[in-house]
Amino acid sequence: MFSRVLLCCLFGLLVRTGAAQTTPAAPVSASALAPKKQLQALRITEAIKLDGQLDEAMWQQAPIATDFIQNRPNPGPPEKHKTEVRVLYDDANLYIGAVMHDVSPDSILRELTARDNFGNTDFIGIFLDTYHDNLNGYGFFVTTGGVQMDARYSPAGGEDFNWNAVWDSRTSLRGTDWVAELRIPYSAIRFSQTAEQLWGLNFMRQRKRENQAFFWNEVKPAVDGFVNQWGTLGGVRDVKPPLRLSLTPYISGYVNHNPISEEGTRRTTTSFNGGADVKWGINESFTLDATLVPDFGQVQSDNQVLNLSPFEVQFNENRQFFTEGTELFNKGNLFYSRRVGATPIGFYSVQAGDKEKILKNPAETRLLNATKVSGRTSKGLGIGVFNAVSNDVYATIRNNETGEEREELTQPFSNYNIAVLDQSLKNNSYVSLINTNVTRFGRTYDANVTGGLFRFANKKNSYAVDGRVVYSNRRGNVFHSDELIDDPDGYKYQLGISKISGNFTWGVNHGIESDTYNPNDLGILFGNNNISQGIYGNYNRYKPFWKVNNLSTYFGIDQSVLYKPTRYQKTNIYGGANTTFTKNFLTTGFNFDLNPVNRDYFEPRAFPLGNYYVRVPANGNIGTFVSSDYRKKVALDLNAGIRVYEQEERFERPRRFGIGFGVSPRYRVNNKLNFRYSLDWSTNRNQIGYVNPSRGDNGSLSNKYPEDATILGASPGAILLGRRRVVTVSNVLTAAYTFTNRMSLTVRTRHYTSTVRYLDFSRLTPGGTEEPVAYTRNRDNTFNAFNIDAVYSWWFAPGSQISIVWKNAGSTFLQANEATPLYFDNLNNTINTPHNNSVSVKILYYLDYLAIRPRRA
């Protein structure tokens, strides 16, 4: 928890950072920017040996950045154990040499982790704002054990550790100090062609023994923004952006074993793939990234869940091409990258005849290629273009009598495109224009979304106004139908005014999403047809007081109504606080929300919205969490919450309530081996909801069941609700062993089970009225999912990797009498169900043109 707080709070845009001047002449407001420190880089002509020793004479000649200011846990005081950083450069690289003084070698923690993971260790980081726009930047970190981390910083993405660059570093212990030496090639960053560069610069040191973090240029928690609080780097002259051209070819092989393969198909199959990633620096500002015939088979398995809601499940993006360097494309949250290569749009409409059988129905769309071009000019204009192409996808259906097979198109050849313009402005402000487009070949529909965003802050960076306007357009027919799309045009707008700096911040906002607004072909929206408004506030104390290091609080009120027809939906009052105790670094907090009677217009799955809704009684929730000190070998995270509803007067039903808890112990055996276990349990009693469809059914009721046909005959289009008990349990066990700072093994095992037991049923009528019905069909169900992801990774050269992955996955959906609420019965059923197994080996090798080009005589 504490490392997550560090990453989010020190770097993210939600944290505003800072401290006092080294030798202040007068009191300075905690919400005023600290003075900008300056450092001069020294040009060198002799080669630097990257060994973590700093024994070349040039290091002693360079100016020193020192006198760091504490940011955590007590913002303001100067560091007691000095940090000294120097910067050198030549025609090809930037070099950073850092000496971190300490008390003794035992005070320097040095856990090994996989790349891009902060562990129980010290580190040093350098931040570069190469266009000096105070909004966008790079971060490069190295731990005492030599583990590398790198990140991008932007208003849209905050701190993005998915970005990876190719650079090198070495570390060493030297008495009571530790030393880091970094070499960052100019090909890893982007900058203008001006004769003399002026870059934003900052350094960060973490002393994990004391849970302290320090910045060279003071970063104040009460100031909005992070990049705008860096100092400056001068002295870099007559360097030219290099030709950034690299090729990373890959080959991969898979062995798959599927014990439940269809008759006539092989249970064990093999496949071999090949492709490449290409990076080309079009000029000093813009880079083209392309992946040709990509292979995403080794990414971490999705956390499958039982979805009882009217909305889709949003999964994390684990494919590196879609997580790296995408800060421009994420502006406005109009891009949900899982749409690219997603489930075919006709996947669920495939049906076999009476004498037919579905042999194959691919659940994913294979990409042919994906390309992105992005960069930022010296004037602060960011430009991004993303494009991906997927091929036709077919389902295969066989006639059981004749053996004849036919193919049914489930996804036509499709093109996905995004274009972004993002202009950085003074005072941490910006304006942006985004367009997303999906073009499908054949007789179906295309989609286009265009949005404009802005944020304007005053000169003191204390107040801001922000907003957006988005227009969605869809044209054509429903897939495999002559029916026209029913939401051709829609819009959204949002406007907010806020106080963004100081201990007390606040904001008000208002927005509308029309009933036909639909960005979901390349974005994600869980529900439109909404008018919302809210007010919120935060009060934070950043310096220690009493027995705690800090205090963060938040509170607010949200209210929404339907856009069309204009009808009340819900009101939500919420708040919370968290703090960290000074002596034991125990982090704890709580949250609450209060809701008067609400109307859920989405749960009935009846469109257009407005006539049917599920009445939700007034309710309140309170939750709490505790997280112990991660520096200890044994640490523990706990959370718990309870939601209580008022007694319903319309029916003699038991009171609704929900309760849940989570426990996550972790044990660090040594600096190489650690274990983490997470258990999450929840139950919702007497929950009222739409009866989830049976496997293979599109709706709640189906005429193929006599019990359903009786209700549908009496009331065609009836909406069936059920009172149910839902119990969900998730277990995740992760073990990680790090051999070296470039080689690691991780094993992650997850078992998930969710059981739904229906107690009684009712028919929903317009106006939220429920009529009890004598419905006898057993609608109980249980969903189980189990998977293992074992990943061995070896970065054998900069940018080059060998990975071996074993995946084991299986799931069951049990219905009616097969469903059981007993956890160990579900676990036993899941383990004994045949699982799909896959073993894969992937080798990728980084080829840099600058390194392999012929040398001139």
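Begin by selecting Glu196, which counts as partly exposed at 44% relative accessibility, and keep in mind throughout that this is a predicted model.

Next, select Glu327 together with Arg152, which form a salt bridge whose closest N and O atoms are 3.0 Å apart. Glu327 lies in the loop between α3 (320-323) and β18 (356-360), while Arg152 is in strand β8 (residues 148-154), so the pair ties together parts that are 175 residues apart in sequence. Are these two residues, Glu327 and Arg152, buried or exposed? Both Glu327 and Arg152 are buried.

Move on to Asp67 and Lys82, whose side chains meet in a salt bridge of 2.5 Å, taken from N to O. Here Asp67 is found in the loop between α2 (57-61) and β3 (69-72), and Lys82 in the loop between β3 and β4 (83-89), so that distant parts of the chain, 15 residues apart, are linked by the pair. Asp67 is partly exposed, with a relative accessible area of 29%, and Lys82 is also partly exposed, with a value of 33%.

Finally, select Asp168, Arg170, Arg183 and Arg742 together, because these residues are linked in a network of salt bridges. In the model as a whole, the count comes to 37 salt bridges.

Key:
Residues are numbered from 1 along each chain as its sequence is written. This is a predicted model: local features need pLDDT of at least 70, side-chain atom pairs count only at pLDDT 80 or more; totals for chains, interfaces and linings use all residues. Side-chain values use heavy atoms; hydrogens and water are left out. A salt bridge is a side-chain nitrogen of Lys or Arg within 4 Å of a carboxyl oxygen of Asp or Glu. Helices (H or I, at least four residues) and strands (E, at least two) are DSSP runs, numbered from the N terminus. Buried means under 20% relative accessible area, exposed over 50%, partly exposed in between (1.4 Å probe, protein chains only).
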